[in-house]
Amino acid sequence: MSKDTLAVVRPCTYPARPINGGPLDLALPKPGHWYYEPKYNGWRALVHAPTGAMFNRRGQPLSIAGLFGSALKHLRSVQFVCDGMPVEWFDCEALSRRHRLGQATLLAFDYISPSGQLLGQRKELLTQAFIAHDYAQSPLPGKVYGVRSLDLDQTDPHALYGELRQLNASWRCLFYEGLVAKRTTDPYPVQLRSPNEEFVGWVKHRWAY
Amino acid sequence: MPSIKEKGSRPAKPQIDPLRKLSFGAINRKANNAKTAYPVLPDPNGQLAIIAARIIDRTAQIEALDGALAIDKSELKTLATPFYFIQASGKIDVASSVSAVSSAGEVLITFPNRYSRLESEAALLPILGERTTTFFRQAFALEIDGDKLPAENAQELLEELQRLFARYHAAEAVKVKEGIKPVPDFHTVRHTALTPEQNLALNQVCPIIAMVKTKGRIKESP
């Protein structure tokens with residue numbers, strides 16, 4: 001990524017920051033409708049697909065962006081349109097260094113919808129555009145995956161929470177950090193006020209807290 | 001059939017090492033995520049371990065409760081906001097809070113004159129149109145990004161700037177923080193000048209910073 005590109009492209013938002021919900025086994029029932037998805041142990045990256053510019057959760061250029069050339073090329077090639085408008089920004093977990101699995105892979109778990117779509121709609125489109133990551137399998141290096149959400153009506157989050165922990169043990173690394181619960185009725189919380197502003201519509205439940 | 005030419009193995013290029021780094025061979029490398037080991041308190045009867053475990057356990061319980069409380073407060077604000085705009089519509093003197101009543105006591109959802117700063121007016125225009133400037137204004141503070149100044153003239157430039165501001169007794173004012181904020185009387189005027197629907201739409205792009213209060217509102221146990 002050239003300095004010129006980074007000078008032109010500025011993040012359209014700080015990535016949504018979940019509140020801390022403590023360990024899932026102590027969490028109280030949440031009002032409303034929620035999806036659950038694995039919390040990956042990587043680097044948070046807001047990616048501008050047309051240019052390949054990557055920004056960290058503080059809105060600064062991601063220092064390890066150079067490692068993701070192959071994944072960024074794939075991201076750029078995907079025609080992703082919502083409500084007739086092209087989607088440019090993807091909220092991803094960038095896998096590198098923290099463990100050996102899926103090196104230089106991007107896990108796209110959300111995008112900034114130009115029309116303010118709700119999470120349920122965004123997740124549906126996202127899983128159509130990318131190969132969904134099967135959480136029971138280690139991701140291949142240098143790829144782009146979509147992150148599926150698991151509907152509370154169909155999945156027991158406690159069972160998934162335990163399963164992810166077992167996968168960590170069998171892979172001998174902290175690949176998953178826990179689960180993130182996301183309220184299905186919220187648009188993406190676009191804001192440039194502060195990188196520390198937390199969003200109540202996303203709740204992280206980690207093993208280590 | 002087209003022939004496929006295999007790439008021959010190229011002779012290895014000599015490795016360039018401008019830093020002339022030392023090689024540590026078989027010596028174990030410290031893992032990046034290794035935790036610092038601190039001196040451990042002696043604990044002959046296991047009392048400290050019990051307290052430490054209790055702290056960890058209670059911290060987890062508090063985090064879980066904090067998370068659940070934040071979600072409930074957010075839910076209550078979301079449900080209360082449409083009612084707040086509807087009951088305040090057309091009024092000049094508007095109640096600062098609305099109340100949710102339960103057998104355990106009362107919870108207030110307070111709507112103070114506090115709004116999030118906006119980066120631009122773009123999201124306001126579809127709702128307010130030409131009236132955007134009636135209700136919103138540019139707010140800014142000045143700040144200097146030192147990295148962008150030419151290094152050779154930076155000192156001179158800063159001194160000149162300080163002299164300029166000092167001449168007007170405003171040396172403390174040099175900062176830049178720009179945004180769009182509501183005009184001072186927006187909080188009261190919005191209920192007479194705009195419909196509840198417009199206010200709700202505005203609340204999506206410039207949310208009022210509502211608060212949930214319980215102090216003094218909880219019933220005493222018999």
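Mentor: Residues are numbered from 1 along each chain as its sequence is written, with chains lettered from A and ligands numbered from 1 in the order in which they are written. This is a predicted model, where local features need pLDDT of at least 70, side-chain atom pairs count only at pLDDT 80 or more, and totals for chains, interfaces and linings use all residues.

Trainee: Why is A:Lys123 called buried?

Mentor: Count C-beta atoms, placed from the backbone, within 10 Å of the residue's own: 20 or more is buried, 12 or fewer is exposed, and in between is partly exposed. A:Lys123 has 24 others within 10 Å, so A:Lys123 is buried. This lysine sits in helix α3 (residues 119-129) of chain A. Helices here are DSSP runs of H or I with at least four residues, strands are runs of E with at least two, and both are numbered from the N terminus.

Trainee: What does A:Lys123 contact, leaving aside its neighbours within four places in sequence?

Mentor: A:Tyr35 and A:Ser149. Contact means that the two C-beta atoms, placed from the backbone, lie within 7 Å. A:Ala108 is 15 residues away in sequence from A:Lys123, and 10 Å away from C-alpha to C-alpha.

Trainee: What makes A:Leu28 partly exposed?

Mentor: A:Leu28 has 14 other C-beta atoms within 10 Å, so the label is partly exposed. The residue lies in the loop between β1 (17-20) and β2 (34-40) of chain A. Beyond four places in sequence, A:Leu28 is in contact with B:Ala64 and B:Ala68.

Trainee: Why is A:Val200 called partly exposed?

Mentor: Its count is 19 C-beta neighbours inside 10 Å, so A:Val200 is partly exposed. A:Val200 belongs to strand β12 of chain A. With neighbours up to four places away left out, its contacts are A:Ile19, B:Ala70, B:Ile71 and B:Ser74.

Trainee: And what makes A:Asp186 partly exposed?

Mentor: A:Asp186 has 19 C-beta neighbours inside 10 Å, so partly exposed applies. Its place is the loop between β11 (176-183) and β12 (198-206) of chain A. Leaving out residues up to four places away, A:Asp186 touches A:Leu118, A:Leu119 and A:Gly201. A:Gly120 is 66 residues away along the chain, yet the C-alpha atoms of A:Asp186 and A:Gly120 are separated by 8.5 Å.

Trainee: What makes a group of residues a nonpolar core?

Mentor: The members are buried Ala, Val, Leu, Ile, Met, Phe, Trp, Tyr and Cys residues, joined through C-beta atoms within 7 Å. The largest such core has 49 residues. Those touching the most other members are A:Ala45, A:Val47, A:Cys92, A:Leu106, A:Leu107 and A:Ala108. Beyond four places in sequence, A:Leu106 touches residues including A:Phe68, A:Leu75 and A:Val144. Apart from this core lies another of eight residues, among them B:Phe85, B:Ala88, B:Ile109 and B:Phe111.

Trainee: Why are α1(B) and α6(B) called oblique?

Mentor: Under 35 degrees is roughly parallel, over 145 roughly antiparallel, 65 to 115 roughly perpendicular, and the rest oblique. Axes are lines fitted to C-alpha atoms, for helices over the stretch in contact, with angles from 0 to 180 degrees between N-to-C directions. Helix α1 (residues 47-88) and helix α6 (residues 196-205) of chain B cross at roughly 140°. The two helices are therefore oblique. Their axes come within 9 Å. Contacting residues of α1(B) are B:Thr81, B:Pro82, B:Phe85 and B:Ile86, and those of α6(B) are B:Pro196, B:Asn199, B:Leu200 and B:Asn203.

Trainee: How is chain B built overall?

Mentor: Chain B has six helices and five strands. Of its 222 residues, 12% count as buried. Contacts between residues 24 or more positions apart make up 74% of those with a separation of 6 or more.
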